[in-house]
Amino acid sequence: MSQEHHQQVIGDIGSYNNNFSNNTGSHNNFNSFNNIVNFITRLDNEGRQILQWLSPLEPQQRHQGVRTDRLDGVGNWVLETSEFRKWRDGEDGCVEQVLLCYGGPGVGKTYVR
Amino acid sequence: MAVVGLYCDFHAQQEQTTTNMLGAMLKQLASRGISENIREAYEKAQNEFGGRGLQLPEMLNALKKTIASLPRLFICIDALDECTPKHRRELIKSLREIARVLPGARIFITGRPHIDDEITTCFSKALRIPLSPTHGDITSYLERRLDNDTEPKAMDAALRADIMRIIPEKISEM
């Protein structure tokens, strides 16, 4: 499920940008947590040390766990809201650059996709 | 375009400083290759400062330099309420700076309701969605949990039906 699922996860956010990439032919710019994991294994020693020096945090590890536990379809309604669409599709320079999804503990904020 | 993400966590507050969080974004962007200015900063730190990490303003500058040429950058931050108030404030200020220099930046934040004020103070036009699970979200989740039950023999159709009826009812009353 991994690669395919992940593509689906970022697919919605990415749809605007995929179109953009197709038009400009800059498809290779697309990056994701998966690419990072692959990339790190290819890095030379110094490269790895530099990344560790930049930050000890490894958010991509937590991301792997969340992806595995996430249930298909749950929370998809968020992607249909006008707020989400406005945020995703806004022109450059528009003022709505931030989208906040808020809720109490345990409502599933982490698992929205 | 690029996507970077952070997961904040009560249990990791000590190492989740603003500098480390911005550093984690930079680290993810390094999948495009580690830029020369970062290599230089690293070597300088090794040679002159005994390998100490970047300070917050330096880290923010390095990040701004790295993202400057991106058409689109999505920054996703989970549970912003779980970092300390000090680092949260600094991080939100840094995000405002990033949004200012990169009009194509889109920032997605989740958190408990009390951070709403802090966000809207810095981003007065922030879009907001209140989250709570829909009936469909809850039943899908329950079905999966029941299908993966480790004691399936303890379950019969009547109990299953009760669970599927009562739990969504109780949740919608919350």
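## Two loop residues of chain B

B:Pro113 lies in the loop that links strand 3 and helix 5 of chain B; helices (H or I, at least four residues) and strands (E, at least two) are DSSP runs, numbered from the N terminus. B:Pro113 counts as partly exposed because 14 other C-beta atoms lie within 10 Å. On this scale a residue is buried with 20 or more other C-beta atoms within 10 Å of its own, exposed with 12 or fewer, and partly exposed in between, the C-beta atoms being placed from the backbone. From the C-alpha atom of B:Pro113 to that of B:Pro103, 10 residues apart along the chain, the separation is 26 Å.

B:Arg52 sits in the loop between helix 2 (36–48) and helix 3 (56–67) of chain B. B:Arg52 is exposed because it has 10 C-beta neighbours inside 10 Å.

## Model and confidence

The model is predicted: local features need pLDDT of at least 70 and side-chain atom pairs count only at pLDDT 80 or more, while totals for chains, interfaces and linings use all residues. Residues are numbered from 1 along each chain as its sequence is written, and chains are lettered from A and ligands numbered from 1 in the order in which they are written.

The average pLDDT (the predictor's confidence in each residue, from 0 to 100) of chain B is 90, and 98% of its residues score at least 70. For the complex, the predictor gives an ipTM of 0.83 and a pTM of 0.78.

## Chain A

Chain A has 6 helices and 1 strand, in the order α-α-α-α-α-α-β from the N terminus. Of its 113 residues, 27% count as buried. Among contacts (C-beta atoms, placed from the backbone, within 7 Å) between residues of chain A at least 6 apart in sequence, 57% join residues at least 24 apart.

## The interface

In the complex, 57 residues of chain B are in contact with 53 residues of chain A. Elements of chain B that each supply at least two residues to this side include strand 1 (2–7), helix 1 (18–29), strand 3 (105–111) and helix 6 (135–147). By class, this side of chain B has 31 nonpolar, 13 polar and 13 charged residues; Ala, Val, Leu, Ile, Met, Phe, Trp, Tyr, Cys and Pro count as nonpolar, Asp, Glu, Lys and Arg as charged, and the others, Gly among them, as polar.

Strand 1 (residues 98–102) of chain A runs parallel to strand 3 of chain B, joined by 5 bridges; strands pair if DSSP finds at least two bridges between them. In this pairing, A:Leu99 stands opposite B:Phe108.

Terms used:
Two residues are in contact if their C-beta atoms, placed from the backbone, lie within 7 Å.
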